[in-house]
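Biologist: I am new to this one, and I would like to look at it together with you. Could you show it to me?

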Amino acid sequence: MPAVLCPPALAERSATHPAASGQALAVLAALLEARTGQQIVSHRSTRVDTVLLPLMRERHFDTLDQLVSAVLDGRDPSLAGRVVDALVNGETSFFRDPQVFDHVLAIVAEVERTGRRPRIWSAGCSSGQEPLSIAMLFAERHQASGMAVPEIVATDVSEAALARARSGCFTQFEVQRGLPIRQMVHWFEGRPGNEWVVRPELLRHISFRQMNLASDPAPGGPFDLVLCRNVMLYLAPEPKRRAFQTIADAMRPSAGLILGAGETVIGQTDLFQLAPVGRGVYEKCVADDPLRRA
């Protein structure tokens, strides 16, 4: 992760003048982009106060300006990371956009016809609902037919989100959101306090790793399928270009890339094109790739 909290000129100006709310937002935007490549776009700026309020209460800050000042003075190195974790959009749910999982099944089936065990990468997995949904899909198939579960790698920039994903612990609201009762009872154990914990035999199918998609190398490869949904929406242009390149380099030539419903490669990158599998699925445009022989 980059060590710079915000551009030096901005940090110097903020340290010597009382921060106005607009300036505090600018510092937070610079911090988020430096750490993750993400931007605080206009529709996200309205939720900054809301997502940071629990941290402000914990640290006894009355205003956002006080929080920003504490980040800039650097006496608590962990504070900047916690601010970034709060600002990163972690919106997710189990089996979000059900048609996506039809595409996952179709792409995996094509790979399995070659005799290989498919490799799937969930990029920007947040608290883990997407890779867990994929694991459920294929673990249930394994129970019914004995077919192997694909290798699943899940990454996210937020260590806090990954800690939750690795724990497999969710609230009642989270497990009910998108998860049928049958699967909830089969794969989760209820705990006091309306908590539900994923059964270890499902969680072991997933390897969780921290990764900044805009700056870190891919988690191995080559992959047969990459899901990177609702991540590119928030990346600045240059980090987005690097993220697309990282994904392309980690994919087999015949692999599929699934973006979010509101995302496209059109006008964003020339590394991918629409795939015949279905709407919202892309494939690499590279004709001769060394991964073809991997």
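Predicted model: local features only at pLDDT ≥ 70, side-chain atom pairs only at ≥ 80, totals over all residues.

Biologist: Which strands stand at the edges of the open sheet of seven strands?

Modeller: The strand order in this sheet is 6-2-1-7-8-10-9, and the pairing is mixed. The two edge strands each have a single partner strand, so one side of each is left without a neighbour in the sheet. They are strand 6 (206-210) and strand 9 (272-274).

Biologist: How many bridges link strand 1 and strand 2, and in what sense do they pair?

Modeller: Strand 1 covers residues 119-123 and strand 2 covers residues 151-156. Across this pair, Ser 122 faces Ala 154. The two strands pair over five bridges, and the sense is parallel.

Biologist: What angle does helix 13 make with strand 8?

Modeller: Helix 13 (residues 237-249) packs on the sheet, where its contacts include strand 1, strand 7 and strand 8. Its direction and that of strand 8 make an angle of about 135 degrees.

Biologist: Which residue in the turn between strand 4 and strand 5 has a positive phi?

Modeller: Four bridges join these antiparallel strands, and Glu 189 has Val 197 as its bridge partner. Together they form a hairpin with three residues between the strands. The phi in question is about 85 degrees, and it belongs to Gly 193.

Technical notes: Residues numbered from 1 in each chain as written. Heavy atoms only, no water. Pairing = 2+ DSSP bridges. Contact = heavy atoms within 4.5 Å. Axes fitted to C-alpha atoms, helices over the stretch in contact; angles between N-to-C directions.
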